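Please keep both at hand while reading.

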Amino acid sequence: MFDKILIANRGEIALRVHRACREMGIKTVAVHSSADADAMHVRLADESVCIGPPSAKDSYLNIPAIISAAEVTNADAIHPGYGFLAENPGFADIVEEHGFVFIGPHPNHIRMMGDKLAAKSAVKAAGLPVVAGCDQALVNANEARRLAESIGYPVLLKPAAGGGGTGMKVVREPGAMNDALVAARTEAKASFGNGDVFMEKFLRSARHIEIQVLADGQGNVVHLGERDCSLQRRHQKLVEETPSPAVNAADRDALGETVVTAVRRLGYRGVGTVEFLYADGAFYFIEMNTRLQVEHPVTEMVTGIDLVREQILVAAGRRLDLEQGDIAFQGHAIECRVNAEHPVTFAPSPGEVTTYHAPGGLGVRVDSALYSGYRVPPYYDSLVAKVVVHGTTRNECLMRLRRALEECVIDGIATTIPLHLQLISSNEFVDGAYDINWLEKFIAG
């Protein structure tokens with residue numbers, strides 16, 4: 001087992017990894033920018049190293065600085081958290097070349113799944129259903145129009161690299177294809193350094209369903225159920241829950257078994273999430289995230305399994321000691337991502353947190369690095385807390401979530417808590433009758 005792990009991240013996820021390490025008796029090293037010198041994970045870690053100025057490119061994306069920090073602190077392994085360098089295969093390669101263990105999948109799997117076309121081809125060969133579309137980058141608008149006619153409008157243009165909705169364009173009729181293709185390529189090139197774009201059928205009323213997997217790279221794979229992540233704004237998730245109110249037990253078991261078989265064929269190691277669109281009773285693969293997900297706490301709440309602990313054990317070479325029959329799904333869990341943003345305009349709201357009070361009580365978990373007097377910096381993602389609740393039933397869960405959000409106090413900055421209170425009180429959400437397009441319409445009014 002590792003003696004010391006360097007956490008190459010910040011905020012609530014750095015604190016989450018630190019907590020798992022502490023419970024396993026593993027020392028931690030916090031790296032931080034100069035803007036995060038007073039961050040909670042820095043205060044609690046056994047050691048800390050400043051790796052650069054506030055800009056992420058000069059600090060949390062500064063690979064030489066992170067490797068140097070691992071060397072000077074004699075760390076055994078590096079945990080990337082999520083975001084930043086978590087799905088950068090070059091970083092994973094460098095970590096291992098310098099004699100450290102990368103707590104994540106093999107770099108080749110990160111590389112494969114980071115290329116959406118390669119990922120689509122690999123999972124299709126492994127037995128997963130995919131959305132109708134092309135298996136290679138589009139050459140020009142004429143080719144794109146011919147393909148769109150064959151699969152039927154509307155269609156979706158997607159970057160072969162990257163994610164998060166950047167560069168994705170819905171095309172509803174032939175006359176819009178040229179401009180959409182140019183825009184998609186330009187955004188993809190600027191954001192990911194790769195302007196390749198491919199096409200898929202656009203599913204109008206789909207839900208976003210993902211399966212959490214855990215594998216040891218030695219043939220042992222289990223799934224930990226599904227999460228419904230359909231409440232999205234600009235392709236960014238705001239609320240996640242498990243189990244999905246739209247998926248029945250038979251479909252859940254069948255999809256989980258199919259995913260486990262595919263992941264085993266790929267020889268995958270670590271935690272991963274296989275994401276699908278669910279429409280008209282059918283599932284269609286869209287991507288695989290080769291890292292810990294922001295929404296992993298809802299899975300932990302219903303299974304009782306610490307995903308970060310399992311991630312560390314697998315990276316240390318341990319065989320998975322879980323079998324599918326060992327995993328019991330109990331109750332319902334929902335997570336709300338609380339961002340430092342205005343709840344109506346979504347304008348960023350960095351600044352000093354003058355008062356912070358986290359909700360508590362039975363079945364309530366808050367993952368946050370906030371404290372009274374902490375100054376939320378303007379340089380990074382706006383996520384400041386995740387309010388997660390568990391209940392015996394979905395209705396109990398909703399009542400508990402409303403109480404927890406009302407109890408949460410974050411003064412000094414604007415947050416999206418008022419929006420979450422509106423969302424979870426809406427009839428459509430209470431009934432579970434929402435899809436990936438619903439939230440945008442709800443916000444628009």
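The sections below describe a sheet with its covering helix, and then the aromatic contacts of this predicted model.

**The three-stranded sheet**

Three strands make up an open sheet in the order β7-β6-β8, and their pairing is antiparallel. The edge positions are taken by β7 (169–171) and β8 (197–201); each has a single partner strand, so one side of each is left without a neighbour in the sheet. On average, neighbouring strands of this sheet are turned by 30° against each other, direction ignored. In general terms, the strands of a sheet pair through backbone hydrogen bonds, in either a parallel or an antiparallel manner.

The pairing of β6 (residues 155–159) with β8 is antiparallel and extends over five bridges. Within it, Leu-157 has Met-199 of β8 as its bridge partner. Helix α8 (residues 177–192) lies across β6, β7 and β8, and runs at about 25° to β6.

**Aromatic pairs**

How many aromatic pairs does a search of the whole structure find? The search finds ten. One of them joins Tyr-60 and Tyr-380 in an edge-to-face arrangement, with 5.5 Å centre to centre and 80° between the planes. Tyr-60 belongs to the loop between β3 (47–52) and α3 (63–72), while Tyr-380 belongs to the loop between β18 (375–376) and β19 (383–391); the pair therefore ties together parts that are 320 residues apart in sequence.

Are these two tyrosines buried or exposed? Tyr-60 is buried, at 1% relative accessible area, and Tyr-380 is buried as well, at 13%; the cut-off for this class is under 20%.

Tyr-380 also pairs with Tyr-379: the ring centres are 5.9 Å apart and the planes stand at 65°, so this pair too is edge-to-face. Planes over 60 degrees apart count as edge-to-face. Tyr-379 counts as partly exposed, with a relative accessibility of 47%. Together with Phe-84, the residues Tyr-60, Tyr-379 and Tyr-380 form one aromatic cluster.

**Arginines over aromatic rings**

Elsewhere in the model, arginine residues lie over the faces of aromatic rings, as listed below.

Key
Residues are numbered from 1 along each chain as its sequence is written. This is a predicted model: local features need pLDDT of at least 70, side-chain atom pairs count only at pLDDT 80 or more; totals for chains, interfaces and linings use all residues. Side-chain values use heavy atoms; hydrogens and water are left out. Two strands pair if DSSP finds at least two bridges between them. Helices (H or I, at least four residues) and strands (E, at least two) are DSSP runs, numbered from the N terminus. Axes are lines fitted to C-alpha atoms, for helices over the stretch in contact, and angles run from 0 to 180 degrees between N-to-C directions. Contact means heavy atoms within 4.5 Å. Rings of Phe, Tyr and Trp (its six-membered ring) pair if their centres lie within 6.5 Å; planes under 30 degrees apart count as stacked, over 60 as edge-to-face and the rest as tilted. Buried means under 20% relative accessible area, exposed over 50%, partly exposed in between (1.4 Å probe, protein chains only). A charge sits over a ring if NZ of Lys or CZ of Arg is within 6 Å of the ring centre and within 35 degrees of the ring normal.
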